[in-house]
Amino acid sequence: MPQLTINKRVKKFRSLAENLQAKIDYYLKPAITYQRPTARRAKITASMQSEGLRLEQIQGWLLGMSGAIEKGILPPVLENISSRSQLEFLQEIDENRIDEIYNLNNSHFHETLQKLIALKLTAPDDAKEALAFLKEIRVTPSLAPTCLKIQELERALIGVQIPGFFPTPEAIAQQIVREAGIKQGTRTLEPSAGIGNIALAAREAGALVDCVELRPQLVEILQLKGLSVRRGDFLEMTPDASYHAVILNPPFENSQDATHIRQAYDWLVAGGKLVAIASNAVTFNEKDVYKCFRAWLDEVGGTIEPLPDHAFLTAFRPTTVKTVMIVAVK
């Protein structure tokens with residue numbers, strides 16, 4: 001192929017790849033992900049991300065082919081590819097059904113076969129070679145498979161009624177970590193970790209974080225996020241007083257926040273610090289469990305600080321429950 005033609009083709013493919021970037025960014029980072037999570041928005045987000053990854057693959061093929069043309073290693077079976085739409089057609093081909101497609105007795109794939117022949121892919125081996133080469137030059141997706149799996153599992157939680165599951169908003173998680181004085185190497189525990197928002201904020205600050213979580217679907221998410229997690233009911237575990245910080249947003253139902261916080265305190269070393277979110281019911285409710293909690297908190301010199309109203313309104317699972325921050329040093 002003449003050098004002028006080679007340069008023109010390389011330039012075209014790279015231009016097509018560059019022009020895809022705005023669309024890829026739009027689909028992979030949709031504005032809807034910053035809105036309050038709902039089942040409908042989760043479905044839209046998943047669809048948009050799928051489209052973004054599809055376009056990103058096409059972009060990788062365009063760039064890979066342009067590099068192969070420059071090096072003179074583009075296989076002849078791809079010499080007739082000249083447009084994005086042709087690559088998108090090949091993207092839809094199921095490589096496991098190529099022999100079926102080329103079976104002249106199978107009229108179901110007649111249109112597909114005619115398009116392949118138009119690209120000079122006249123035999124099954126031609127199509128297999130073309131797809132194999134494209135597979136080799138595909139780029140690493142912006143969204144890693146683990147990230148996609150985490151998002152899929154978290155979307156599946158939207159609208160599901162899980163008692164006590166109200167993930168902590170990022171701003172409050174960071175406030176908890178600051179209040180706990182967490183720094184590089186701080187041994188930290190998050191009981192009832194949920195999807196790990198507080199634990200992740202602590203890890204970002206340099207903490208060595210352990211989590212406890214009862215529900216298997218949440219344990220899987222925590223593990224995929226690279227967190228050390230022990231599955232089980234925190235209230236039934238024997239305290240291991242070896243943590244310099246214990247940070248938590250426990251379930252509120254049936255006064256569990258008070259019970260979890262008192263149990264969490266026992267996991268601290270002497271001088272360790274507990275920072276927890278609780279319902280503001282701990283400040284006024286006359287149930288025995290809350291009366292005992294307030295007496296205990298006074299005894300250990302703990303404090304209660306109200307959080308902003310509707311602090312959880314924009315959370316992964318929104319709630320209008322008023323909350324407070326409990327701080328206690330052992």
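Colleague: Before we dig in, what pLDDT do local features need?

Modeller: Residues are numbered from 1 along each chain as its sequence is written, and side-chain values use heavy atoms, with hydrogens and water left out. As this is a predicted model, side-chain atom pairs count only at pLDDT 80 or more, totals for chains, interfaces and linings use all residues, and local features need pLDDT of at least 70.

Colleague: Which residues have the most contacts inside the largest nonpolar core?

Modeller: A nonpolar core is a set of buried Ala, Val, Leu, Ile, Met, Phe, Trp, Tyr and Cys residues joined through side-chain atoms within 4.5 Å. Buried means under 20% relative accessible area, exposed over 50% and partly exposed in between, with a 1.4 Å probe and protein chains only. The largest core has 37 residues, and the ones with the most contacts inside it are M65, L78, L87, L90, Y102, L121 and L134.

Colleague: And which elements give two or more residues to this core?

Modeller: Elements here are DSSP runs numbered from the N terminus: helices are H or I with at least four residues, strands are E with at least two. On that basis, the contributors are α1 (3-28), α2 (39-71), α3 (84-91), α4 (98-101), α5 (110-118) and α6 (124-137).

Colleague: What does L134 touch, not counting residues up to four places away in sequence?

Modeller: Contact means heavy atoms within 4.5 Å. With residues up to four places away left out, L134 touches W61, M65, L78, L87 and L90.

Colleague: Why are the buried residues of α7 on the same side of the helix?

Modeller: In α7 (residues 145-155), the buried ones are I150, L153 and E154. The arc is taken from the directions from the helix axis to the C-beta atoms. They share a side of α7 because they cover an arc of only 100°.

Colleague: What do those buried residues of α7 pack against?

Modeller: I150, L153 and E154 are the buried residues in question. Their packing partner is α10 (216-224).

Colleague: How many of the residues of α11 are buried?

Modeller: The buried residues are D257, A258, H260, I261, Q263, A264 and Y265. Their cover includes β4 (243-248), β5, α12 (288-299) and β7. Helix α11 is largely enclosed by the rest of the structure, because the buried count is seven of the ten residues.

Colleague: What is the relative accessible area of S279?

Modeller: S279 sits in strand β5 (residues 268-279). Beyond its neighbours within four places in sequence, S279 is in contact with F252, D257, V321, K322 and V324. S279 is buried, and its relative accessible area is 9%.

Colleague: And what is the relative accessible area of T323?

Modeller: T323 belongs to strand β7 (residues 323-329). Neighbours within four places aside, its contacts are F252, I277, A278, N280, P306, L307, A311 and F312. T323 is buried, with a value of 3%.
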